[in-house]
Amino acid sequence: MTELKVLITNHEVPKVAIDLLGEKCTLIINEEKPYANREQILAKCPGVDAIFWASKERLDAEVLDKAGPQMKVVGCMSAGLDNVDVETLKARGIKLSNTPVVLNDAVADVAVLLALGAARRITEGRRAIEQGTWRYGVQWQLGRDISGSTVGIVGLGGIGQAIVTKLTKFGVSKFLYSGHKEKEEGKLLNAKFVTFDELIKESDFVIIACPLTTETKGLFNATVFDKMKNTSILINIARGGIVVQNDLVEALQQKKIFAAGLDVMTPEPLPRDSPLLKLDNVVLLPHIGSATIGTRAAMAQLTAQNILMGLGGAPMFTPVY
Ligand SMILES: O=CC(=O)O
C-alpha cells in the first residue's frame with residue numbers, strides 16, 4: 001500500500017492515527033495553525049486516495065472533485081455528520097466512516113455535568129461569589145433535584161443510552177425517550193417510548209441527544225418551550241441547530257423554563273456579545289463533549305483503522321452506510 005496517499009486535514013490529530021496511517025501510506029498533512037481553512041484543505045486534496053476529515057468545514061462535491069476520481073475513502077473523526085454531504089459521497093461510491101460509540105461515555109458525562117450544573121444554578125452561584133453577593137440564606141440559591149425527577153431523552157442512540165445508564169445512579173424516577181421507533185435498548189434501560197409532545201410536557205429534564213437533520217433542525221422553538229414545564233431544564237449536547245436559539249433566550253429570560261445547559265450553540269464559537277452569556281440560568285460549555293485525551297485518541301485511532309480497512313478493500317469498523 002506504500003504508494004497510497006492520505007490527506008489528514010488537521011495537524012492536531014492524535015499521534016496514534018498518524019503512526020498507524022504512516023506505516024502504510026504517504027501522509028499529506030494540513031499543518032496550518034490553528035487549523036486549516038477550506039481553501040487550505042482544497043489545495044492539498046488533489047491526487048489523494050483517502051481523506052482523514054478532522055474539520056468543521058463542509059465535506060461536499062467540491063472536495064471530491066478537487067481530490068479526483070481515485071479518492072475512494074473518507075474517514076470522519078466525529079460522530080455527527082451534519083457537515084458532510086453524505087448522499088453525494090454515497091452516490092459516488094465513496095466509502096465513508098465516522099466515530100460513533102467511542103465517544104458515548106465522554107459526551108454522556110458532559111450531559112450529566114450540564115444537567116447537574118443547570119439544576120444547581122452554577123453560573124449564578126459563581127457570579128455571586130465574584131460579585132460579592134454570596135449570602136447565607138435558607139431560601140437562597142435553591143436548585144432542583146435530579147433524584148426523583150423525570151428525564152426525557154430526545155434520541156435514544158448510543159449517547160442517549162449512555163446518559164440513561166449514568167443518570168440511573170442519580171435516582172431518576174422515570175426515563176422517557178422519543179425518536180423514530182421504540183427500541184429494544186429502551187426496554188433494557190427501563191425507559192418509556194413516548195411521543196415528542198408527551199416528552200416535552202412531562203419531563204423535568206429534556207436532554208437533546210439526536211443528530212441534526214432536516215427533521216430536527218429548529219425542533220425546539222417557542223411553541224415547544226411554551227409546552228415545557230416552567231420548572232424544566234433543557235440540555236443540548238447534540239447540535240446547536242436543533243434549537244431556535246433566539247426562542248430559547250426568550251424562554252430563559254421569561255422563565256418559561258427553569259434553566260438550560262448547552263455544550264453546543266449557534267454559531268460556534270459563540271460571539272462574546274451573545275445574549276446567552278448575559279443569562280444567569282444557562283450553563284455554557286464550548287463544544288467539548290468528546291474532548292478528553294482518551295476519547296480523542298480513540299476517535300483518531302478508529303478513523304485511521306477505518307481508512308486502512310477501506311483502502312484495503314475490507315469492511316470498515318464503523319461505516320456510515
Ligand atoms: O460533536 C462531536 C462529534 O460529532 O463527534
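This is a predicted model: local features need pLDDT of at least 70, side-chain atom pairs count only at pLDDT 80 or more; totals for chains, interfaces and linings use all residues.
Which residues does Tyr 177 touch, not counting residues up to four places away in sequence?

## Tyr 177 and its surroundings

Tyr 177 touches Ile 153, Leu 156, Glu 182, Lys 183, Gly 186, Ala 191, Lys 192, Phe 193, Val 194 and Leu 199, where contact means heavy atoms within 4.5 Å. Its place is in strand β7, residues 174–178; helices (H or I, at least four residues) and strands (E, at least two) are DSSP runs, numbered from the N terminus.

Tyr 177 has 1% relative accessibility, so it counts as buried. On this scale buried means under 20% relative accessible area, exposed over 50%, and partly exposed in between, with a 1.4 Å probe and protein chains only.

Residues are numbered from 1 along each chain as its sequence is written, and side-chain values use heavy atoms, with hydrogens and water left out.

The chain averages a pLDDT of 97, and 99% of the residues score at least 70; pLDDT is the predictor's confidence in each residue, from 0 to 100. For the complex, the predictor gives an ipTM of 0.92 and a pTM of 0.96.

## Helix α7 and its cover

Now for helix α7, residues 158–168: its buried residues are Ile 159, Gly 160, Gln 161, Ala 162, Ile 163, Val 164 and Leu 167. What covers them includes α5 (104–119), β6 (150–154), β7, α8 (184–188) and β9.

Two packed helices are described by the angle between their axes and the distance between the axes. For α5 and α7, the axes come within 8 Å and cross at roughly 55 degrees. Axes here are lines fitted to C-alpha atoms, for helices over the stretch in contact, and angles run from 0 to 180 degrees between N-to-C directions. The two helices, α5 and α7, are therefore oblique to each other: angles under 35 degrees count as roughly parallel, over 145 as roughly antiparallel, 65 to 115 as roughly perpendicular and the rest as oblique. The crossing of α5 and α7 is right-handed; that label applies if the near helix is turned clockwise from the far one by less than a right angle, and left-handed if anticlockwise.

On the α5 side, the contact is made by Asn 104, Asp 105, Val 107, Ala 108, Asp 109, Ala 111 and Val 112, and α7 brings Gly 158, Ile 159, Ala 162, Ile 163, Lys 166 and Leu 167. The residues of this contact of α5 with α7 divide into eight nonpolar, two polar and three charged.

## Helix α12 with α1

The axes of α1 and α12 come within 7 Å and cross at roughly 20 degrees, and these helices, α1 and α12, are therefore roughly parallel to each other. Their crossing is right-handed. From α1, Val 16, Ala 17, Leu 20, Leu 21 and Lys 24 meet Ala 297, Ala 300, Gln 301, Ala 304, Gln 305, Ile 307 and Leu 308 in α12. The residues of the contact of α1 with α12 divide into nine nonpolar, two polar and one charged.

Asn 306 also lies in helix α12, residues 293–311. With 0% relative accessibility, Asn 306 counts as buried. Leaving aside neighbours within four places in sequence, Asn 306 is in contact with Ser 97, Asn 98, Met 316, Phe 317 and Thr 318.

Asn 190, in the loop between α8 and β8 (191–193), has phi near 65 degrees, although Asn 190 is a residue other than glycine; at 66% relative accessibility, Asn 190 counts as exposed. Lys 255 sits in the loop between α11 (245–253) and β11, with a positive phi of about 55 degrees, and counts as exposed at 55% relative accessibility.

Note on methods:
Ala, Val, Leu, Ile, Met, Phe, Trp, Tyr, Cys and Pro count as nonpolar, Asp, Glu, Lys and Arg as charged, and the others, Gly among them, as polar.
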